[in-house]
Amino acid sequence: MRETGPLVDTITVRMYRKLLGDCFLITVTGRNVEDQSPSKSHIMIDCGVLQGTPGGGELMRAVVRDVYEHTEGKPLDLIVVTHEHHDHISGFGLARDIFAAQPKAAERVWFAWTEDPADADAQEYQRVYGHALTALAALAEEAKVQTQAAADPAAESLLGLAGFSGPLALDGNRKPLRGSRKIYQDLRDWVGSGATQYLSPGQVLTTPGALGLTTYVLGPPRDKEQLTNSLGKAGDTYFATAKTSSAGVAARQDMPFSPRHAWRTAEQIRNPVPSASESAGDRQRSDWLHDRYFRPYARCTEDGDDPADHKSKDDNHKCAGDFSLHEPQAYRMLDKIERSQFSNLALRMDSNTNNTSLVLAFDLPDDAGTMLFAADAQVGNWESWFSVEFRSTPDAPALKLKTEELLARTRFYKVGHHGSHNATLTRGLEAMSDDLVAMIPTDAEFAKKQSSAWQMPNPRVDEALQRKTRHRVLRGDIPAAQTIAVVEAADPDLARAFEARIGDHDLWVEYCVYRREPGETA
Amino acid sequence: MNKPRQTIPQPTRRRLRVFAFDPAASVQLETAVINDAVVDLSWEAAWEGAIELGPTNDYLEVIDFDPTSGHFYAPIDLNDPWILGQDGLAPAEANPQFHQQMVFAVAMRTIRNFERALGRPVFWAMPEDDPRVLARRNHDKKAKDYPPFIKRLRIYPHALRQANAYYSPAKGALLFGYFKAKPRFADDEGEWVFTCLSQDIIAHETAHAILHGLRRRSVEATNADSLAFHEAFADIIALMQHFTMDNVVRHELSRNGGKLRSANLLTGLASQFGQATGRSGPLRQALGILSDEQTERERKREPVTRTLKDAREPHDRGQYLVIAVFDAFVTIYERRTRDLFAMTGTRPGDDRLSEQLIARLADEAAKVAHSVLNMCVRGLDYLPPADATFGDFLRAVITADFDLVPEDPLKYRVAFAESFRKREIPAPGCMSYAPDSLCWEPPDLSAFDSIAADSELLFADALKGLTLYARVNGSSPERVKSKGVDPRYDTQGLDDYITGRNSEYVSGDVANRNLREEAMRVVMRNQVNLHTWLINPDDSLAVERLWEALLGLRTLPLGKPKSAPPTGRNHASPKSISATVLNPAKWQRGWPEVWREAVEPGDDEALLLPRLEVHSARISRRAGPDGNELFQLIAQVTQRRMGFFDPADQKRVDRDGPMPREKPDFWFRGGATILVDLRDGRLQRVIRQRIDNDTRLERQRKFVLGDDVALAMAAGRNDGGGGNPLAVSTLETEPFAFLHGDG
């Protein structure tokens with residue numbers, strides 16, 4: 001055992017409650033071996049709530065106040081930002097004044113490599129992502145979708161993406177307003193120059209602060225193909241449609257055919273204005289189209305039962321009208337923007353961003369296992385972990401350690417993406433330690449209100465977690481006592497040990513992942 | 001133009017020029033020589049509407065509105081003498097009128113191919129966004145102001161500016177996109193690419209629309225195969241139609257020594273299909289796998305056979321269905337051409353085959369392609385009405401072929417079964433892949449023997465109410481009268497369309513009659529009459545129970561039966577099945593007593609009468625190769641049941657029925673496909689998909705919970721779009737926009 005330096009006594013993970021979003025605070029306590037003087041470290045992982053959550057601003061401010069009360073006004077040792085979604089970062093904006101009022105918000109910030117301004121691949125990814133976002137915002141604007149948070153939470157939440165990505169809007173230069181840019185800049189400013197790090201998979205490093213934890217970076221994958229594949233195609237395609245600049249508007253109206261084929265505008269067919277220069281053939285054709293697709297249709301007012309009443313051949317009489325045309329079929333005309341274009345891109349970008357999640361495994365002292373924080377990683381991200389090689393420095397030889405081993409040692413799992421169906425890889429979960437405790441930051445009821453497709457957690461994932469953890473699944477929306485009761489019903493001994501490590505509060509629930517046994521002092 | 005004239009006979013064919021592949025093939029020397037093709041359509045019959053501007057006929061209306069540029073392109077007039085005089089406009093990318101012509105011609109050809117196989121006209125599904133569908137959902141009285149079907153499928157050749165083309169069930173339309181391709185070299189502007197000029201894409205999208213028209217629930221994702229089947233089937237149609245293009249097939253065969261199993265040919269095809277959009281659908285991937293395997297073989301190495309279990313995602317599954325059908329096609333072709341090679345003393349793969357031999361081989365390939373296409377299309381009528389799998393499709397194809405062509409000297413059915421087995425596509429419930437064990441079981445009527453005088457004629461009564469022929473004199477048909485007033489009987493407003501009274505679909509005088517419209521009326525009337533007949537219970541509870549067992553449908557009130565049923569199978573019927581609530585206190589005279597007798601307690605509690613829907617009741621006449629004819633009634637009857645993600649909720653609703661306003665997490669559907677031989681009124685097949693099958697419900701629950709698309713679709717149905725036109729729930733009404741958009 002070590003004779004000098006710091007010694008970790010406890011590691012506690014605090015999950016903030018009642019929010020569909022991630023905000024975690026890891027507290028490491030310990031002491032200096034030589035003089036037994038106590039020390040502490042604090043790590044915050046994400047700070048966000050779903051856009052459009054009623055009272056979300058107040059809640060996040062209460063959370064951040066609690067965080068700094070807990071640190072006794074000291075700076076956090078580390079803030080980890082996993083990815084660009086609103087439900088992971090909005091708190092930094094909503095409680096900006098509180099962060100800014102701190103003498104120093106944090107000593108250091110970790111981002112994923114995708115945010116690194118000095119990394120060419122990251123810049124390429126940001127360019128593609130920016131394009132896609134521009135296209136999406138332009139489509140939204142053109143179709144007049146209300147995406148601003150305050151205006152209409154119901155409509156906006158249906159957009160799914162907007163809920164996660166924040167408001168969609170374009171600035172004066174028709175560039176998308178990315179709320180995240182401001183937040184990221186704030187974070188960099190708060191910690192000061194040189195204190196921002198960008199992590200790539202395979203990196204092994206130690207968390208800053210008096211009591212450091214060895215950390216393994218698992219994701220996001222560096223494989224460009226994997227990250228931008230679907231997005232790239234979608235982005236390029238939609239870019240052509242989107243009204244992204246005034247030049248773009250002109251380009252859009254540009255036809256692939258020579259100008260002589262620009263025959264009539266929709267308006268000219270709808271409200272024909274006779275012109276002497278028009279040829280008889282053109283006239284006949286445009287009349288035909290008008291008659292078929294734009295002639296107003298009046299409902300029949302005669303509701304008599306006698307068929308004779310319906311024999312009149314008045315043009316606007318429903319009995320004479322061609323029902324396959326005119327107003328009853330108007331819904332079959334093309335909209336300006338096909339709605340599928342919008343939701344298609346929105347869905348893609350949403351899951352794409354989830355896959356840029358920074359995934360970290362923290363070592364517990366004395367080979368006691370690891371804690372896995374999976375952010376919102378989806379299948380692609382998970383699968384990439386298995387081919388990661390770990391190195392303590394970029395040039396060092398690869399360590400023998402394999403991801404499989406890290407997973408097998410995992411005793412604490414922060415469940416991916418609020419427990420939704422494709423953010424916990426079965427193969428990954430099965431590989432984890434049999435002494436596993438999981439936390440799901442979720443508000444299942446609120447999620448369901450967004451859309452019944454938002455099963456958070458997904459019953460299948462939940463079932464697997466319950467089995468693997470022997471019911472030790474702490475949730476943001478369920479009192480710890482309730483969880484303990486479920487464990488108790490299955491295994492009273494396990495429940496007692498579990499309960500002893502839990503702290504429950506209105507605003508948070510915490511679990512002591514590691515505690516040094518008294519006899520183990522060095 | 002189209003009126004019959006006194007002295008000149010009406011033309012019989014209308015020939016329209018198209019690209020055999022797409023415009024890109026014309027700039028490659030390799031394919032340029034064969035890229036001009038002609039689609040030979042039959043001239044519209046006297047009883048069909050004339051072709052108008054657009055082109056517009058009884059099946060299709062091409063509307064060339066380009067929303068991105070805001071312009072209409074002038075509609076083509078196919079009856080213009082200059083166009084008639086040269087088989088339509090010459091293929092030209094730069095002319096939007098040619099685009100209209102090509103998209104119309106290829107879509108019509110696909111429609112005719114289906115009609116020939118099905119033995120009846122093709123109709124289109126009612127769009128989900130139709131005001132009448134919405135009005136019905138909202139129980140709006142205005143529902144009856146709209147006709148219950150759409151007459152023509154719309155085609156928008158320039159609908160989107162993106163690399164996508166899809167069938168939109170919401171609009172009842174095909175939407176074709178166009179886009180600017182990426183520049184290939186510096187200073188290249190990038191070419192415009194039009195999906196509506198790609199023969200395989202047009203055939204593929206049209207097939208989607210036809211399939212949806214035939215099987216309304218086929219666009220729901222209920223198992224891993226359901227949407228994959230839609231994709232793969234559309235690809236099979238596109239692929240088989242390719243092999244009916246004589247010119248092209250000759251070219252391909254002459255370059256490959258008369259062999260279809262050639263890596264060179266398969267690679268060529270794979271690069272041609274979907275080249276325009278870079279779409280990598282099941283077809284391209286299937287051809288890719290086949291050509292990889294063939295390359296191995298040509299290098300004298302045994303290839304690893306990839307099978308369905310290698311498919312990791314649902315959208316990868318479709319390619320194995322395409323491979324299986326293509327394998328069967330090639331096997332049959334090889335069997336049929338063996339003699340030709342033997343007679344000419346040549347062998348497949350020989351370098352210099354005579355032109356005459358190539359022509360005969362191409363003939364055979366076309367013939368086989370038509371047969372395979374027919375077999376696949378006919379199989380559709382033998383699928384269960386909801387939730388079909390690939391295995392169901394194999395069984396359906398085999399059974400349909402067996403019913404039409406009892407003898408199978410060339411072993412087409414064995415070829416199908418064998419190639420499905422090779423790709424490990426499971427056929428649950430079958431002893432083996434021998435064609436006769438793959439056939440759906442014929443219905444077992446023995447239980448009826450003690451009750452009915454002639455159990456073979458059980459359906460005779462139902463047939464009385466059906467119209468089997470178009471009525472040429474336009475006389476108004478009668479409707480079968482219900483025994484009592486059944487509360488489930490909700491056809492108000494339909495009458496007007498059935499009798500043709502309040503719609504455009506009025507039979508005029510003989511000169512102007514339109515038999516397509518008449519055929520639609522007949523279908524509607526048959527649906528209503530069959531529905532009435534199905535919900536009218538037998539006077540005897542025991543007999544009605546037998547009916548329930550025979551058809552696999554629930555018609556008696558839901559809940560626990562009062563007395564033990566005659567067959568062991570009928571336990572309590574789940575109260576989660578959609579039902580009409582009947583208050584016994586308001587009992588009306590004429591309501592069948594069996595309703596009260598059926599369940600306990602029954603006297604004071606509300607009775608839940610399960611609803612059923614007759615999705616289609618079609619009369620089909622199909623001719624087999626030996627001149628034998630099949631004259632059938634094909635009816636799809638469905639029921640639905642509330643499905644819940646939480647098994648506890650499921651149990652509660654199964655037992656107690658839903659709470660007021662309770663919505664399901666997803667809809668679970670079941671029912672039966674009923675085939676009646678109209679030559680003798682015998683019940684030929686009943687393909688059941690029981691609504692009370694809890695194992696299948698569990699399977700669907702598992703699938704939906706693990707699948708993005710299925711989950712969003714299930715949710716979309718519930719959220720109802722929330723009034724937001726851009727809601728993610730558009731998946732429900734535009735599933736293909738997503739599947740195809742996948743780049």
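**Close-up 1. Pro55(B) in its loop on chain B.** In this predicted model, Pro55(B) sits in the loop that runs between β2 (36–42) and β3 (60–62) of chain B.

**Close-up 2. The cis bond at Pro457(A).** Here's a cis peptide bond on chain A, going from Met456(A) to Pro457(A). Omega for this bond is near 0 degrees. As for where to find Pro457(A), check the loop between α16 (444–450) and α17 (459–469) of chain A.

**Close-up 3. Asp367(A), a non-glycine with positive phi.** Asp367(A) isn't a glycine, yet its phi is positive, at about 55 degrees. You'll find Asp367(A) in the loop linking β10 (359–363) to β11 (370–373) in chain A.

**Close-up 4. Glu424(B) and its positive phi.** Over on chain B, Glu424(B) is a residue other than glycine with a positive phi, near 55 degrees. Glu424(B) belongs to the loop between α14 (412–422) and α15 (435–438) of chain B. How many other C-beta atoms lie within 10 Å of Glu424(B)? There are 14, so Glu424(B) is classed as partly exposed; a residue would need 20 or more to be called buried.

How values were computed: Residues numbered from 1 in each chain as written. Chains lettered and ligands numbered in written order. Predicted model: local features only at pLDDT ≥ 70, side-chain atom pairs only at ≥ 80, totals over all residues. Helix = DSSP H or I, 4+ residues; strand = E, 2+ residues; numbered from the N terminus. Buried ≥ 20, exposed ≤ 12 C-beta atoms within 10 Å, placed from the backbone.
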